Amino acid sequence: MEYPALMNLFEPVVDVKKQHKNFVSILKKSKEADRQELLRWCEGFPDRDKKLVIEFQTTFNSSFWEIYLYAVFSEINLQMDWKHPTPDFIVKYNDRKIVIEATIAAAASGKTPEWEKDLSKAPPTRFKKMNIESIIRLSNSINSKCRKYNEKYSKLEHVRSNPFVIAVAPFEQPHFNLQCETPIMALLYDFYVDEDEYNDNPHLYPNGPPDVSLGFVEKENGSEIELGIFENNSHSEISAIILSTTATWGKVESMSSFAGVRFINTVWWSESDKEPLYKSSTTDNVEENVRDGLFVFHNPYAKRPLDPEMFNHEGITQVFVDPKTKQITKKRNGLFLMHRQSMNIGVK
């Protein structure tokens, strides 16, 4: 079934030399069902500045992330206000406006971008170096949007008195999808889960990987990034951070009506069992939806807090911290998607 859309994402409008590698890869004939699924996601999404299609075809990830967010907000029945050209989203919940600005963490200049992942090599088994890189890139993206809010958005009448949320997606390196919430938890709450230490000395940690306070991480130029930005009022203009590491083309594939055989291996967190649940599915019985894998991290020092009921939906994890005790609480409804890997093995 084809769905109407206000923009034709897949009709090339830029020279082939300028097309992003991810865009080129999804133009294959075998991806037709997947393309139709993405068009379903963006049904009714207006291209307000007439640039989204061009950016989708040339830079891809930031536009894909905006389309994903639109699909989530539509799925949970949030009304969207398009009267203003900026910020990216103004949604309404219980008669209150929520301002949401989208951004991504991209690869640093000179670093390997995510689309150049070497599929012939096994996934990494050491994570700290990867996680620190992600922390640095997430910090840059979030602070950039904070500056934009303070210098521009906060002066706009439709923004200044409403909660401000930054929605960030980490596309900063190959295998970014393996990080789940580890880097962002360190950046926001100085809570780092040390998987490498556990893998090196599992006998010392019968309850699983230890959590540690890093305090800061160091950039290659020697400058330091302080962690725990939601442990004080330094970023009180931010009401919450939205993040997902599963909002990738793999989600499109898992939800599409692909007319073939596609194996999808997923790892879910079972809150009732307090342990991961591994699933192997095909496109005939996959149960993933657009919300699965989404995080909402609340800022306990926010000037304008976000109502948690807004994201109280199955598949979404909300994270809270008590500013007095520093106790972290995660609220989930049902299973939570942590990782996904899909593989096509034939077409019917």
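Analyst: Happy to! Let's begin with a term: a residue counts as buried when its relative accessible area is under 20%. Please keep in mind that this is a predicted model.

With that cut-off in hand, look at helix 6, residues 182-189. The buried residues there are Thr182, Pro183, Ile184, Met185, Ala186, Leu187, Leu188 and Tyr189. That makes 8 of the 8 residues, so helix 6 is largely enclosed by the rest of the structure. Just after helix 6 comes Asp190, which takes a positive phi of about 50 degrees.

Now for the surroundings. An open sheet is formed by 8 strands, in the order 1-2-3-4-9-12-13-14, with mixed pairing. Strand 1 (79-80) and strand 14 (328-332) stand at the edges with a single partner strand each, so one side of each has no neighbour in the sheet. Strand 1 runs antiparallel to strand 2 and is joined to it by 2 bridges; here Met80 stands opposite Val91.

Helices also lie across these strands. Helix 4 (residues 61-75) lies across several strands, including strand 3, to which it runs at about 150 degrees.

Finally, the largest nonpolar core has 51 residues, and Leu9, Leu38, Trp41 and Phe73 touch the most other members. Helix 4 gives the most to this core, with 9 residues. Apart from it lies another core, of 36 residues, with Leu138 and Phe164 among them.

Terms used: Residues are numbered from 1 along each chain as its sequence is written. This is a predicted model: local features need pLDDT of at least 70, side-chain atom pairs count only at pLDDT 80 or more; totals for chains, interfaces and linings use all residues. Side-chain values use heavy atoms; hydrogens and water are left out. Two strands pair if DSSP finds at least two bridges between them. Helices (H or I, at least four residues) and strands (E, at least two) are DSSP runs, numbered from the N terminus. Contact means heavy atoms within 4.5 Å. Axes are lines fitted to C-alpha atoms, for helices over the stretch in contact, and angles run from 0 to 180 degrees between N-to-C directions. Buried means under 20% relative accessible area, exposed over 50%, partly exposed in between (1.4 Å probe, protein chains only). A nonpolar core is a set of buried Ala, Val, Leu, Ile, Met, Phe, Trp, Tyr and Cys residues joined through side-chain atoms within 4.5 Å.
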